[in-house]
Amino acid sequence: MSVSIDTASSVGDTLISETINHLHNRVSVRKYSDKLVSSEIIDAVLSASFRAPTSSNIQAYSVVIVREQETKNKLSVLTGNQKHVANTPVFLAFCADLTGMEGALKRHGHDMEDNNLEIGLVSTIDASLVGMSAYLAAESLGLHGLMIGGVRNDTKAVAEVLGLPRRAYCVFGMCLGWPAETPELKPRMAYENMVHHEKYDVAKSEAQLDAYDKALAEHYRSIGKNTTDASWTDDIDNKFSIPRRTNLRSALKDLGFNFT
Ligand SMILES: Cc1cc2nc3c(=O)[nH]c(=O)nc-3n(C[C@H](O)[C@H](O)[C@H](O)COP(=O)(O)O)c2cc1C
């Protein structure tokens, strides 16, 4: 029997449901109140998120729940001195984790020494699906949060702080708490330019850049943030014209993931 999560309705031409409406209004939150985020809440959020689909039922993920201030301080430094990481009530580390898979193979006389890019991707995707599911489950209870890719600045040091075994690495973290700010929605690229029908329309990719530079510049200026007229393309160029995290592949190899 199929049961919908919530009731769908139409606003003008737009089909809407609670979940769709929620997604349209989602925004990253970086400031949290001191109010406790109980273990019951975290358990409810994570246990629901573990229903996410998982490639070949591998369930190649695990989550480390961090509440201790000293650990959050260390993670804050490692993620590039991000103060919300130190100030979050709870930090969840979403890990790709091959230990279960390795255990299964060992029982049947095999090992994981030849694991390859596919295994690395599968476990990383698994962890990401669980992370996004947890994010939405938390928001359904009124919590808000922020994903933290800065954990991959120094993947091995983060693994050490979290006590991860070989064959596990933190794909991204998540700050989670009761919101103490209500940020404006950050615009997205135009729907029409991101969606293709039957075949990819290359002309759309070029067309969207000017429009999005303008929309993002307007947004940043409206919230008092410094930017240039070429807001998005400038940001992206500044961040990615020089290769980042160049030691990531060798760090992941040392942690037991062969991404070559
Ligand atoms: C995997 C991932 C990693 C991220 N890492 C960081 C981070 O380390 N620090 C941060 O401030 N925001 C981080 N973000 C948040 C993005 O900057 C944010 O989602 C994006 O700018 C869009 O803004 P919005 O979520 O408010 O719509 C991350 C988001 C994702 C999905």
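1. Let me start with Y169, which is buried at a relative accessible area of 4% (buried means under 20%, exposed over 50% and partly exposed in between, with a 1.4 Å probe and protein chains only). Before going on, please keep in mind that this is a predicted model, in which local features need pLDDT of at least 70, side-chain atom pairs count only at pLDDT 80 or more, and totals for chains, interfaces and linings use all residues. Residues are numbered from 1 along each chain as its sequence is written, and side-chain values use heavy atoms, with hydrogens and water left out.

2. What does Y169 pair with? Its partner is F259: the ring centres are 6.5 Å apart and the planes stand at 85°, so this is an edge-to-face pair. (Rings of Phe, Tyr and Trp, the last by its six-membered ring, pair if their centres lie within 6.5 Å; planes under 30 degrees apart are stacked, over 60 edge-to-face, and the rest tilted.) The pair links distant parts of the chain, with Y169 in strand 6 and F259 in the segment after helix 11, 90 residues apart. (Helices, H or I of at least four residues, and strands, E of at least two, are DSSP runs numbered from the N terminus.) F259 is buried too, at 16%, and Y169, F257 and F259 form one aromatic cluster.

3. The structure holds 6 aromatic pairs. Another of them joins Y212 and W232, edge-to-face with centres 5.9 Å apart and planes at 75°. Y212 sits in helix 9 and W232 in helix 10, so the pair ties together parts 20 residues apart in sequence. Y212 is buried at 8%, while W232 is partly exposed at 25%.

4. Now for the largest nonpolar core, which has 53 residues; F91, L92, F94, L162, Y169 and F257 touch the most other members. (Such a core is a set of buried Ala, Val, Leu, Ile, Met, Phe, Trp, Tyr and Cys residues joined through side-chain atoms within 4.5 Å.) Strand 6 gives the most to this core, with 8 residues.

5. Beyond its neighbours within four places in sequence, L162 is in contact (heavy atoms within 4.5 Å) with V64, V66, L75, A93 and C170.

6. Finally, two lysines: K35 lies over the face of W178, 4.2 Å from the ring centre, and K225 lies over the face of Y220, at 4.3 Å. (A charge sits over a ring if NZ of Lys or CZ of Arg is within 6 Å of the ring centre and within 35 degrees of the ring normal.)
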